[in-house]
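Welcome! Take a moment to look at the sequence and the 3D picture, and then we will walk through a few spots together.

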Amino acid sequence: KKMLCSGCGSLLTIDPNTKICCCEYCGSVYSADNDISNDADFTINAGTLRAYCGQSPVVIVPSGVLKIGEACFRGMSFIASVMLPEGLREIGMDAFEGCTRLKEILLPEGLLYIGGKAFKGTGIQTLRIPKSVHFIGDGAFQECIELTSASLPALDRIQLKRTFKLC
């Protein structure tokens, strides 16, 4: 199986026996198993998820991840559902921007920060912002045209700037 490395654009060949490939240029690790994501699909540094290298439409972020890094999943339109771990504290700017097929994501209690444009242009249909959230960045959910329901229990202490623009 051949594919392009999302880290550097190199052509990769997945080993048919191990179903895993490591990019020799940038070190990204890929799995040919498209059923669910696994730890080999992620680049994690000091608790921050920096990159997703898998191809699964169902992403299960490993426990121990405290932050989803900036633009980590940006433009990955094949992603339909993301399961975030308990203990996640921050979702970085542009983290899921352009994940047009992303319909389902449960934001865990304990989440403190949602970066600007974090979910811009996703297919999220319903949304519940946990009470623990203290900051929502500019345009975090803008252009989520399929969004039909949003619950924001902490609205009294959060300033919203273009958060739901063009929804």
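This is a predicted model: local features need pLDDT of at least 70, side-chain atom pairs count only at pLDDT 80 or more; totals for chains, interfaces and linings use all residues.

What follows is a short tour of a hairpin and some aromatic rings.

Our first stop is strand β5, residues 42–45, which pairs with strand β6, residues 48–52, in the antiparallel sense over four bridges. Across this pairing, Thr43 stands opposite Ala51 in β6. Two residues sit between the strands of the hairpin, and Ala46 there takes a positive phi near 50°.

## A buried threonine

Strand β6 includes Thr48. Is Thr48 buried or exposed? Its relative accessibility is 10%, under the 20% cut-off, so Thr48 counts as buried. If we leave aside neighbours within four places in sequence, Thr48 is in contact with Thr43, Lys67 and Gly69.

## Aromatic rings

There are six aromatic pairs in the count. One of them joins Tyr52 and Phe73, a tilted pair with 5.5 Å from centre to centre and 35° between the planes. Tyr52 belongs to strand β6, while Phe73 is in the loop between β8 and β9, 21 residues apart. Both Tyr52 and Phe73 are buried.

Now look at Phe119 and Phe141. Their ring centres are 5.1 Å apart and their planes are at 0°, so this pair is stacked. Phe119 lies in the loop between β12 and β13, and Phe141 in the loop between β14 and β15, so the pair ties together parts 22 residues apart in sequence. Phe119 and Phe141 are both buried.

Which residues form one aromatic cluster? They are Phe42, Tyr52, Phe73, Phe96, Phe119 and Phe141.

How values were computed
Residues are numbered from 1 along each chain as its sequence is written. Side-chain values use heavy atoms; hydrogens and water are left out. Two strands pair if DSSP finds at least two bridges between them. Buried means under 20% relative accessible area, exposed over 50%, partly exposed in between (1.4 Å probe, protein chains only). Contact means heavy atoms within 4.5 Å. Rings of Phe, Tyr and Trp (its six-membered ring) pair if their centres lie within 6.5 Å; planes under 30 degrees apart count as stacked, over 60 as edge-to-face and the rest as tilted.
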